[in-house]
Amino acid sequence: MKSVLVILTQANLSHLQVHESLSATMVLATFGCEVKVLLQDAALSLLNAELAFEPLKHAFKLASNMVDSFEFYDLTPLLIENKQRNSPFVMQTQQEIEFIEFNSSFIQKFDFVLYW
C-alpha cells in the first residue's frame, strides 16, 4: 500500500482550492492509500468547527465541516507540528491530533507528498 502525506496550508474560508484538496485527500483514502494529513500555517483554522456557514457572508461552504468527517475515512489523527502546539485552534479543537517534528526524516517515511 502506498503512503501519502498531504500537507494543507490554506485557510478554512479562503477559496475553492481548500475544498478541492480536502476532497482529493478523502478520495485517496477511499481508494486504498494510507493517507496522513498535516495541517500547517493558515490550515490550522480548519480545526475550528465552531464557525457557522452564512451564504451572504461566505463564498464557499466551510472546509472545516469536511475535516469533521475525516474519522470516517481513517484520516485521523491529524498531524500538527510541535511548534504549533499552543495555537488557539489546536488548543480548542475536538479533533484527534498527533504532534510531530516536521523534518526530512519524517517526510522520507512516505512514498508521496502532496502540498496544497
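The model is a predicted one. Its largest nonpolar core has 22 residues, and another core, of seven residues, lies apart from it. A search of the whole structure finds two aromatic pairs.

**Nonpolar cores**

- In soluble globular proteins, nonpolar side chains tend to be buried together.
- Within the largest nonpolar core, the residues that touch the most other members are Leu8, Leu22, Val37, Leu39, Leu46 and Phe70.
- Two or more residues of this core come from each of strand E1 (3–8), H1, strand E2 (34–39), H2 and strand E3 (78–81).
- H1 gives the largest share of this core, with four residues.
- Apart from this core lies the one of seven residues, which includes Leu38, Ile100, Phe106 and Phe110.
- Leaving aside neighbours within four places in sequence, Leu39 is in contact with Leu8, Leu44, Leu46, Leu47, Leu78, Leu79 and Ile80.

- Ser21 has its place in helix H1, which spans residues 16–30.
- Ser21 has a relative accessible area of 4%, and buried means under 20%, so Ser21 counts as buried.
- A polar atom of the Ser21 side chain lies 3.0 Å from the backbone oxygen of Val18.
- If neighbours within four places in sequence are left aside, Ser21 is in contact with Leu8 and Trp116.
- Ser64 is found in helix H2, residues 63–68.
- The relative accessible area of Ser64 is 0%, so this residue is buried.
- Ser64 and Ala43 are 21 residues apart along the chain, and their C-alpha atoms are separated by 9.5 Å.

**Aromatic rings**

- The ring centres of Phe102 and Phe106 are 6.4 Å apart.
- The planes of Phe102 and Phe106 stand at 65 degrees; planes over 60 degrees apart count as edge-to-face, so this pair is edge-to-face.
- Phe102 is partly exposed because its relative accessible area is 28%, whereas Phe106 counts as buried at 9%.
- Phe106 also forms an edge-to-face pair with Phe110, at 5.3 Å centre to centre and with 65 degrees between the planes.
- Both members of that pair, Phe106 and Phe110, are buried.
- Phe102, Phe106 and Phe110 form one aromatic cluster.

**A charge over a ring**

- Arg85 lies over the face of Phe99.
- The distance from Arg85 to the ring centre of Phe99 is 3.9 Å.

Notes. Residues are numbered from 1 along each chain as its sequence is written. This is a predicted model: local features need pLDDT of at least 70, side-chain atom pairs count only at pLDDT 80 or more; totals for chains, interfaces and linings use all residues. Side-chain values use heavy atoms; hydrogens and water are left out. Buried means under 20% relative accessible area, exposed over 50%, partly exposed in between (1.4 Å probe, protein chains only). A polar contact is a pair of N or O atoms within 3.5 Å; within protein, one must be able to donate a hydrogen and the other to accept it, and residues adjacent in sequence count only if both atoms are side-chain atoms. Contact means heavy atoms within 4.5 Å. A nonpolar core is a set of buried Ala, Val, Leu, Ile, Met, Phe, Trp, Tyr and Cys residues joined through side-chain atoms within 4.5 Å. Rings of Phe, Tyr and Trp (its six-membered ring) pair if their centres lie within 6.5 Å; planes under 30 degrees apart count as stacked, over 60 as edge-to-face and the rest as tilted. A charge sits over a ring if NZ of Lys or CZ of Arg is within 6 Å of the ring centre and within 35 degrees of the ring normal.
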